[in-house]
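Here is a short briefing for a first look at this structure. Start with the view below, then work through the topics in turn.

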Amino acid sequence: MNDDYFMQQALRQAQTAFDADEVPVGSVIVIDNKIISRGYNQVELLADPTAHAEMIALTSAFNYLGSKYLPEATLYVTVEPCLMCAGALYWSKIGRIVYGASDEKNGYLHITKETWPFHPKTTLSHGVLHQECASLMKSFFQQRR
């Protein structure tokens, strides 16, 4: 199992969000090649602007492990985390973040102007299945116009 495999799993979560008329962002958290939690955007369903895919997956992972830190975990998320999610990821001390598509409007990188918002030990990879992740977002917003 590799980054592409786990990003495919995050894409499945994003498709669930898409089908529920939510912004199609999905995520999974992995430890030792095992998915320990999943999340997809549920902002509309829960009427909660903090119900992002990353936040749902983080809460589930904390509950699963009985811990508030995830230094051995990797988050796979289809779209670049926003600043709120970047803050939550910082406090989780997550070991690695992998995202697919950039978010030029709301992503952490475009807001923080290249300041590292994650824990100092966190590593970052991006662009994994970029085309597939970006395509789902584009399809969603084209349908809404």
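Helix α1 has 17 residues and reaches 24 Å from its first C-alpha to its last, close to the 24 Å expected at 1.5 Å a residue. The expected span of a helix is 1.5 Å times one less than its number of residues. Helices (H or I, at least four residues) and strands (E, at least two) are DSSP runs, numbered from the N terminus.

This is a predicted model: local features need pLDDT of at least 70, side-chain atom pairs count only at pLDDT 80 or more, and totals for chains, interfaces and linings use all residues. Residues are numbered from 1 along each chain as its sequence is written, and side-chain values use heavy atoms, with hydrogens and water left out.

**Helix α1**

- The buried residues of α1 are Phe6, Met7, Gln9, Ala10, Leu11, Gln13, Ala14, Ala17 and Phe18. Buried means under 20% relative accessible area, exposed over 50%, and partly exposed in between (1.4 Å probe, protein chains only).
- Those buried residues pack against β1, β2, β3, β4 and α6 (130–144). Contact means heavy atoms within 4.5 Å.
- Asp3 belongs to α1, which covers residues 3–19. Leaving aside neighbours within four places in sequence, Asp3 is in contact with Tyr76, Arg96, Val98 and Val128.
- Asp3 and Asn106 are 103 residues apart along the chain, and their C-alpha atoms are separated by 24 Å.

**Helix α3**

- The 13 residues of α3 should span 18 Å at 1.5 Å a residue. The end C-alpha atoms of α3 are 18 Å apart, which agrees.
- Ala53, Glu54, Ala57, Leu58 and Ala61 are buried in α3. They cover an arc of only 125° around the axis, so they sit on the same side of α3. The arc is that of the directions from the helix axis to the C-beta atoms.
- The cover over the buried residues of α3 includes β1, β2 (34–40), β3 and α4.

**Nonpolar cores**

- The largest nonpolar core has 22 residues, and Ile29, Leu70, Leu75, Leu89 and Ile94 touch the most other members. A nonpolar core is a set of buried Ala, Val, Leu, Ile, Met, Phe, Trp, Tyr and Cys residues joined through side-chain atoms within 4.5 Å.
- At least two residues of this core come from each of β1 (26–31), α3 (53–65), β3 (74–79), α4 (83–92) and β4 (96–101). The largest share, four residues, comes from α3.
- Another core, of 18 residues, lies apart from this one, and Ala10, Val28, Val30 and Ala101 are among its members.
- Ile94 touches Leu70, Pro71, Ala73, Thr74, Leu75, Leu89 and Thr122, not counting residues up to four places away in sequence.

**Ile31 in strand β1**

- Strand β1 contains Ile31. Ile31 counts as buried because its relative accessibility is 17%.
- Leaving aside neighbours within four places in sequence, Ile31 is in contact with Ile36, Leu65, Glu72 and Ala73.
- Ile31 and Thr74 are 43 residues apart in sequence, but 6.6 Å apart in space, C-alpha to C-alpha.

**Aromatic rings**

- Rings of Phe, Tyr and Trp (its six-membered ring) pair if their centres lie within 6.5 Å; planes under 30 degrees apart count as stacked, over 60 as edge-to-face and the rest as tilted. By this rule there are five aromatic pairs.
- Phe140 and Phe141 have ring centres 5.0 Å apart and planes at 85°, so the pair is edge-to-face.
- Phe140 is buried, with a relative accessible area of 3%, while Phe141 is partly exposed, at 33%.
- Tyr5, Phe6 and Tyr76 are linked into a cluster by ring pairs.
- Lys93 lies over the face of Tyr69, at 4.3 Å from the ring centre. A charge sits over a ring if NZ of Lys or CZ of Arg is within 6 Å of the ring centre and within 35 degrees of the ring normal.

**Positive phi in loops**

- Asp21 is not a glycine, yet has a positive phi of about 65°. Asp21 is in the loop between α1 and β1. Its relative accessibility is 45%, so Asp21 counts as partly exposed.
- Asn33 is not a glycine either, and has a positive phi of about 60°. Asn33 is in the loop between β1 and β2. At 45% relative accessibility, Asn33 counts as partly exposed.
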